[in-house]
Amino acid sequence: MQSDENIITLKGMYEDYFLDYASYVILERAVPGIGDGLKPVQRRILHSMKVMDDGRFHKVANIIGQTMQYHPHGDAAIGDALVKLGQKDLLIDCQGNWGDVRTGDSAAASRYIEARLTKFALEVLFNAKTTDWQLSYDGRKKEPINLPAKFPLVLSQGVEGIAVGLSTKILPHNFIELIKASIKILQGKRVKIFPDFDTGGLIDVAQYNGGKRGGKVRIRARLEVLNKKTLVVKDLPYSVTTTQLIDSIIKANDKGKIKVKKVIDNTAKNVEVVIDLHPGTSPDLTIGALYAFTDCEISISPNACIIIDHKPHFLSVEEILDISTANTKELLRQELLIKQNELEEKWQFLSLEKIFIEERIYRDIEECETWEEVIEAIDIGLKKYVVTPSMKAQTGDKRIKLLRDITDEDIVRLTEIKIKRISKYNSFKANEMMAQIEEDLVQTKYDLKNLTDFAIAYFENLLVTYGSGKERKTEITTFDSITATHVIANNAKLYVNRAEGFIGYGMKGDELIGECSDIDDIIAILKDGTMKVTKIADKVFMGKNILHVAVWKKGDDRTTYNLLYTDGGTGKSFAKRFHVKAITRDRVYDLTAGNNRSKVLYLSSNPNGESEVVTIQLSQGCKAKKKLFDYNFADLDIKGRSSKGNTVTKYPVRKITLKEVGKSTLGAQEIWMDEASGNLNKDERGINLGAFDTGDLILVIYHNGTYELNPLEITNRYMPKDIAHIGKLNSKDPIAAIYYDGEKGATMIKRFNIETSTQNQKFSFITEHRSSKLYFVGVGSSKPVEYAYMQKNKRHAQIIKLEDTIDIKGWKSVGNRLHTGKLLSVKEVASPNDKTESNDSEEEPEQVNKIIPGDTIEFDVDPQGSIFDLDED
């Protein structure tokens, strides 16, 4: 029976076995060492390739087999690590199909692909004389503890590993920038380095935090607008493949967050993912949505962990680079010391050899009978011509001064000199060789004395030799924050049941409020003066007797609420104006004084901060002398939503009616129209329509010769292809039009002012004949106009000033005849009086022929010569 002393408890097993396993995984598998920046499997692969290196390519299967002598974890782990090393294109030259990190395609089988070490790897990674060795796992081979790497590999290649209770993620950095940063460190300067990826793209490093825990970087694909219907992805975010990117786009489209027609992967030598948009979809808005809802933008949190002295340390990338640069400097010092020792030994032996041969000391051993006598005879013979550190040199001594005492090993080497060499010994060449060694020795000692300068020169040589083609590929920039609710496509409709108090996008039998998205927040204000904002859903209860419901935008400082309510405690009525810029979702806010039985008498939501004048009628039985009066909200300041408001009356109110809408108290607001979708926006996207105040109208002139006046509604949508002009209406700006009159068969010109006031109705300002066609329209423009026409098989062009050609008439007038027949083209041109921008050159500007209004210029007929063809006939 087993005694209790031999029983191992579960707690003991956990403490011993599990911690041993955790330490092994951290130190031997997942986390790289600071010495060479490599994981053990990578180090063993590179060592095996060095052992096999003969300058030619080797089958990867053979490399894997060689590495298995050092690595105990099987061929699959070695093969995967080798492929990843090769794909980084720094240490390994690859031949064959090694896969593609951009598309996610895997490499071919190991028996079909080949590899060898790059010249860079051979230069910076290997030196047997400065390498510390250990026995392999089975004791049969020696392997390096660390490769003597004279370059920050861990920062250049990046690394990712997951251990037990520990992980590391170091992003790759730019080859050239690392070298330049190391030089600056050696010069005593502070440096900052940032990630760079082979896949290119854009990166925001504002929160990088030196790659330490808690930092993050945002990485974006590079998106280009090919045309109004097509976007192209040119660069991918780091670690995202084209397949992953396309899948994320399709998924977002299926959820209604973006609207795309088709996605095509044309990736070959360069990345090219083509995204076709639906007609009327804004490319700019879609780009924002792609960044918000797909893998076109990702966020990575680095966690720089490295093994130092058999322990994991969390450092910044700058600290890692400091240590790596110091290690490189130390390795260079060791190499110089080794080189100095080798040069000294070589000089010592050449000096002894010169004396041994020239002074024919080898003849002294002819009568020696034992080996000891040979050694002694040579030693005595040499000392006649040399001075060693243990001997005292005399004044004027012409003997050769050796660097160290003569040893038996030196004498043995002299006895091994072949007779052929002695007979053909060239004293002149020997002197030249010794002089060269002395020169190299002086240089080596100088480099050791000036080690920092030598290390800088080493890095500069690396930069010159291997820096070509390794320029930064990822552009460092600052990203604008994208609010998802601003870029998501409207994929739902908002409904409300005011009496029951429900809102949602699944209540199709109730009152329709308008379009929204499934991630919007909805604001509701009730009859009792309470307010709540909640995330939209299929059906949500907000509270009974809803007065106002709309999509709520965080930080909206334009939408102004005008509220007039009766306080349930005092019976007084108060008025207030307020914004709702920030809230806690699903919290009920009281907009009144907070007393029971308070109720809202009047409420309006004004998107541009408009004031209002309301007429208030008091109850007939009250004691007020004036029972009917006007109240102007413009007299109120805009305050917080929790303010009580200003007293309006202490008497009961019977009815409140809107008398007139006032001007915005916030000032005019700039409005733009997206050129692709035709949607209006305040985000400076597309064509600027002007600064709009309350009551301002939009003037829209169409290619069919009609115009229309529209009140400003941000929800307005237009068809850009049908529009000749759109902008804020200024009644003082005359409209100039050149059109073909189908009834008269002639081209007409007219100028007129907008005289109509009816809104949302189109008025035709050219004749309604089916052949009539608008050539040109200008609003308030004073630029000359050039029109071209054909006459006697010659192309003619004439320039006129519209205001000098015709006076302003009524909008219904036909106008004056400009030309008999149709025109080829019409365009605005620069006025002869316009001053061109000066340039800094002192040379005389090139002479150009000035065209004076009224001149006629003849051209030979050229079918492709017109700037644009206005006549399809």
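The second largest cavity of this predicted model has a volume of about 30 Å³, where a cavity is a set of points on a 1 Å grid over the protein atoms alone at which a 1.4 Å probe fits but cannot get out, and a volume is the space filled by probe spheres set on the points, which are joined across faces, edges and corners. Because the model is predicted, local features need pLDDT of at least 70 and side-chain atom pairs count only at pLDDT 80 or more, whereas totals for chains, interfaces and linings use all residues. Residues are numbered from 1 along each chain as its sequence is written, and side-chain values use heavy atoms, with hydrogens and water left out.

**Cavities**

- Residues lining the largest cavity include Ile34, Asp36, Phe151, Ser324 and Asn327, while helices H6 (153-157) and H10 (317-358) each supply at least two residues of its lining.

**Overall form**

- The secondary structure comes to 17 helices and 51 strands, taken as DSSP runs numbered from the N terminus (helices H or I, at least four residues; strands E, at least two).
- The radius of gyration, 43 Å over C-alpha atoms, is well over the 29 Å that the globule rule (2.2 Å times the number of residues to the power 0.38) gives for 873 residues, so the protein is more spread out than a compact globule.
- Along its principal axes, the C-alpha trace spans about 145 × 100 × 60 Å.

- Val374 lies in helix H11 (residues 371-383) and, at 11% relative accessibility, counts as buried, the cut-off being under 20% relative accessible area with a 1.4 Å probe and protein chains only.
- Leaving aside neighbours within four places in sequence, Val374 is in contact (heavy atoms within 4.5 Å) with Ile365, Cys368 and Thr415.
- Val374 and Met673 are 299 residues apart in sequence and 104 Å apart in space, C-alpha to C-alpha.

Note on methods: 1 Å grid on protein atoms, 1.4 Å probe; cavity = no way out; pocket = protein on both sides within 12 Å on 5 of 7 lines; lining within 4 Å. Buried < 20%, exposed > 50% of the residue type's maximum accessible area, 1.4 Å probe, protein only.
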